[in-house]
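I begin with the place where the two parts of the chain meet and then widen the view.

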Amino acid sequence: MQSKILILRFPAEASQKPLVCNLARNFELTFNILHAQILPRKEGLMVLELSGSRENFRKGLAYLESEGIDVQNAGQEITRDESRCTHCGACTAVCPTAALYVHRPDMAVVFDQEKCSVCELCVPTCPTKAMCVTATKTEKFFE
């Protein structure tokens, strides 16, 4: 059984296709959508955990790529440089998983990395550039 967290970037022309449904139906893969931002006729982004047999996993990835989907292994994580963070809270407004939230009553911004789906929305939002994308390790799909 193979299981990976993947980042899928959709071109506008693929946003209307039932690609994830086809992964489940045609390649017997199970998925858990961790984050999705896909609008009709617009580019989109999806972070999902995909599981299945090694062979079906390979075929499913080949299918996605043939449909014009940019598939990346989520071999990265979001980190926060505590020395740069001013606890302004801007990042909390865009975090879809509540990995970034304001702790009351002290109003400090807390980052719970366990909840982070690596959607990267906080990185451009942070005015002090305290949020960063960091490679966890160089990892290939089928190691």
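**Notes on the domain interface and beyond**

1. Across the interface of domain 1 and domain 2, the rule finds one salt bridge. Please keep in mind as you read that this is a predicted model. The pair in question is Arg9 with Glu120, whose closest N and O atoms are 4.0 Å apart. The cut-off for a salt bridge is 4 Å, and the distance for this pair is 4.0 Å.

2. On the side of domain 1 that touches domain 2, the elements giving two or more residues are β1 (2-10), β2 (30-37) and β3 (44-52). Strand β2 provides the largest share, three residues. Sorted by class, that side of domain 1 has four nonpolar, two polar and one charged residues.

3. Where are the domain limits? Domain 1 covers 2-73 and domain 2 covers 76-135. Their centres, taken over C-alpha atoms, are separated by 26 Å. In terms of contacts, seven residues of domain 1 meet eight residues of domain 2.

4. How much area is buried between domain 1 and domain 2? The value is about 480 Å², and carbon and sulfur atoms give 58% of that. For residue pairs in polar contact between the two domains, with both residues at pLDDT 80 or more, the count is zero.

5. Now for the salt bridges of the whole structure, which holds three. Arg9 belongs to strand β1 and Glu120 to the loop between β7 and α3, so this pair ties together parts that lie 111 residues apart in sequence. Arg9 counts as partly exposed because its relative accessibility is 31%. Glu120 is also described as partly exposed, with a relative accessible area of 23%.

6. Another of the salt bridges joins Lys17 and Glu67, with the closest N and O atoms 2.8 Å apart. This pair links distant parts of the chain, 50 residues apart: Lys17 is in the loop between β1 and α1, and Glu67 is in the loop between α2 (54-66) and β4 (70-73). Lys17 has a relative accessible area of 40%, so it is partly exposed. Glu67 is partly exposed at 25%.

7. Glu82 and Arg80 form a salt bridge as well, their closest N and O atoms being 3.1 Å apart. Is Arg80 buried or exposed? With 15% relative accessibility, Arg80 counts as buried, because buried means under 20% relative accessible area.

8. Asn22 deserves a look while you have the model open. This residue is found in helix α1 (residues 19-27). Its relative accessibility is 15%, so Asn22 counts as buried. Which residues does Asn22 contact, leaving aside its neighbours within four places in sequence? They are Phe27 and Tyr63.

9. Glu114 counts as exposed because its relative accessibility is 76%, and the limit for exposed is over 50%. The C-alpha atoms of Glu114 and Ala99 are separated by 7.4 Å, while the two residues are 15 residues apart along the chain.

10. Stepping back to the fold, the secondary structure of the chain comes to three helices and eight strands. In what order do the elements run from the N terminus on? The order is β-α-β-β-α-β-β-β-β-α-β.

11. Of the 143 residues in the chain, buried residues make up 37%. Among contacts between residues at least 6 apart in sequence, 70% join residues at least 24 apart.

12. The salt bridge is the pair of Arg9 and Glu120, with 4.0 Å between the closest N and O atoms, whereas the limit for a polar contact is 3.5 Å.

Note on methods. Residues are numbered from 1 along each chain as its sequence is written. This is a predicted model: local features need pLDDT of at least 70, side-chain atom pairs count only at pLDDT 80 or more; totals for chains, interfaces and linings use all residues. Side-chain values use heavy atoms; hydrogens and water are left out. Helices (H or I, at least four residues) and strands (E, at least two) are DSSP runs, numbered from the N terminus. Buried means under 20% relative accessible area, exposed over 50%, partly exposed in between (1.4 Å probe, protein chains only). Contact means heavy atoms within 4.5 Å. Domain bounds come from an automatic or database domain assignment. Buried area is the accessible area (1.4 Å probe) that two parts lose on being put together, summed over both. A salt bridge is a side-chain nitrogen of Lys or Arg within 4 Å of a carboxyl oxygen of Asp or Glu. A polar contact is a pair of N or O atoms within 3.5 Å; within protein, one must be able to donate a hydrogen and the other to accept it, and residues adjacent in sequence count only if both atoms are side-chain atoms. Ala, Val, Leu, Ile, Met, Phe, Trp, Tyr, Cys and Pro count as nonpolar, Asp, Glu, Lys and Arg as charged, and the others, Gly among them, as polar.
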